Amino acid sequence: YQYLLTVLLFSFLLWIGWKLVCDEAQLFQNASGSNSEEALCQILEITDEDQIISNLGDMYYLEQHFEFKAKILRGPHKGEVINAEQIIDNVSTLGVQPVEIGDKLFVYSPADGSDGIWSAGDFYRSGQIGFLLTFFCLALLLFGQKKGFNTMLSLAFTCAAIFLVFVPSILSGKNPYLWSFLICIYIICMTLSLVSGFSRKSLAS
């Protein structure tokens, strides 16, 4: 019962923290007031490619422009085929790879709400991240067994505390020093309780 009560206690504390900050955080809202929408799509066809090279003193500036057709995979526009463009250069978007047929990425509708060309955003990498996360969890369970499971659970609580409580607290304008301190205390107590259990050794740590 002690283990179950520990999990319930820290879940309850996490829920309290979330309720205190979530209403004021305005998470994922478009602060600019534009009507731009985000959608996940898959590229069907590259329709045009172009590049511009110019001199910038002792350096050169390379801008690449790609136009493509893509199918929206989820959201209110799911199934629609749209025209979109990707603009990359060797200064502001250094390291961004050009789009290819079959790539999945996020696109953004025109800010004026028209049916014009959508703009390319970040590539969709959740599949690769999910694979690495699954491999990490399986390795923890295989080699750590019960300790590994407790470590994995404490890591989940840590991520939840950061992204569900700490980040919203900053976005809602609360004191960052106070909430940093509270989150650190929560993570330390939660991790020691789950991994080592309630003991003199944990209390001393």
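Let me start with a definition: on a 1 Å grid over the protein atoms alone, a pocket is an open set of points where a 1.4 Å probe fits, with protein on both sides within 12 Å along at least five of seven lines, and its lining residues have an atom within 4 Å of a point. The volume is the space filled by probe spheres set on those points, which are joined across faces, edges and corners. Rolling a probe the size of a water molecule over the atoms shows where empty space is left.

Hello everyone! What you see is a predicted model, where local features need pLDDT of at least 70 and side-chain atom pairs count only at pLDDT 80 or more, while totals for chains, interfaces and linings use all residues. Residues are numbered from 1 along each chain as its sequence is written, and side-chain values use heavy atoms, with hydrogens and water left out.

First, the overall layout. The protein chain has four helices and five strands; these are DSSP runs numbered from the N terminus, with helices being H or I of at least four residues and strands being E of at least two. Of the 205 residues in the protein chain, 25% are buried. Buried here means under 20% relative accessible area, exposed means over 50%, and partly exposed is in between, with a 1.4 Å probe and protein chains only.

Now back to our pocket. How much space lies in the largest pocket? About 280 Å³. Its lining is made of 15 residues, and L13, G17, L182, I183 and Y186 lie nearest the centre. Helices α1, α2 (126-171) and α3 each supply at least two residues of that lining, and α3 gives the largest share, with seven.

Let's look at G17, one of those residues nearest the centre. G17 sits in helix α1 and counts as buried because its relative accessibility is 9%. Find I183 next: G17 and I183 are 166 residues apart in sequence, yet 9.3 Å apart in space, C-alpha to C-alpha. Why does W179 count as buried? Because its relative accessibility is 11%.

Next, the aromatic rings. A pair of aromatic rings is described by the distance of the centres and the angle of the planes. For Phe, Tyr and Trp (its six-membered ring), rings pair if their centres lie within 6.5 Å; planes under 30 degrees apart count as stacked, over 60 as edge-to-face, and the rest as tilted. A search of the whole structure finds three such pairs. One of them is F10 with Y186, an edge-to-face pair at 5.6 Å centre to centre and 75° between the planes. This pair links distant parts of the chain, as F10 is in helix α1 (residues 2-25) and Y186 is in helix α3 (residues 176-195), 176 residues apart. Both F10 and Y186 are buried.

Another pair is F12 with W15, which is stacked: 6.2 Å centre to centre and 25° between the planes. Both lie in helix α1, three residues apart, about one turn of the helix. Are they buried or partly exposed? F12 counts as partly exposed because its relative accessibility is 46%, and W15 is partly exposed at 48%.

That brings us to the surface. L9, F12, L13, W15, W18 and L164 form a nonpolar patch with about 590 Å² of accessible area together. Such a patch joins nonpolar side chains (Val, Leu, Ile, Met, Phe, Trp, Tyr) within 5 Å, from residues with over 30% relative accessible area and no salt bridge, a salt bridge being a side-chain nitrogen of Lys or Arg within 4 Å of a carboxyl oxygen of Asp or Glu. Helix α1 gives the most to the patch, with five residues. L13 is partly exposed, with a relative accessible area of 39%.

Last stop: helix α2. P168 lies there and is buried, with a relative accessible area of 1%. P168 and W18 are 150 residues apart in sequence but 8.1 Å apart in space, C-alpha to C-alpha. Q145 is in helix α2 too, and Q145 counts as exposed because its relative accessibility is 55%. Its phi is near 55°, a positive value in a residue other than glycine.

How values were computed
Patch = residues over 30% accessible without salt bridge, like charges linked within 9 Å, V, L, I, M, F, W, Y side chains within 5 Å. Areas by Shrake-Rupley, 256 points an atom, 1.4 Å probe, with all protein chains shown as cover.
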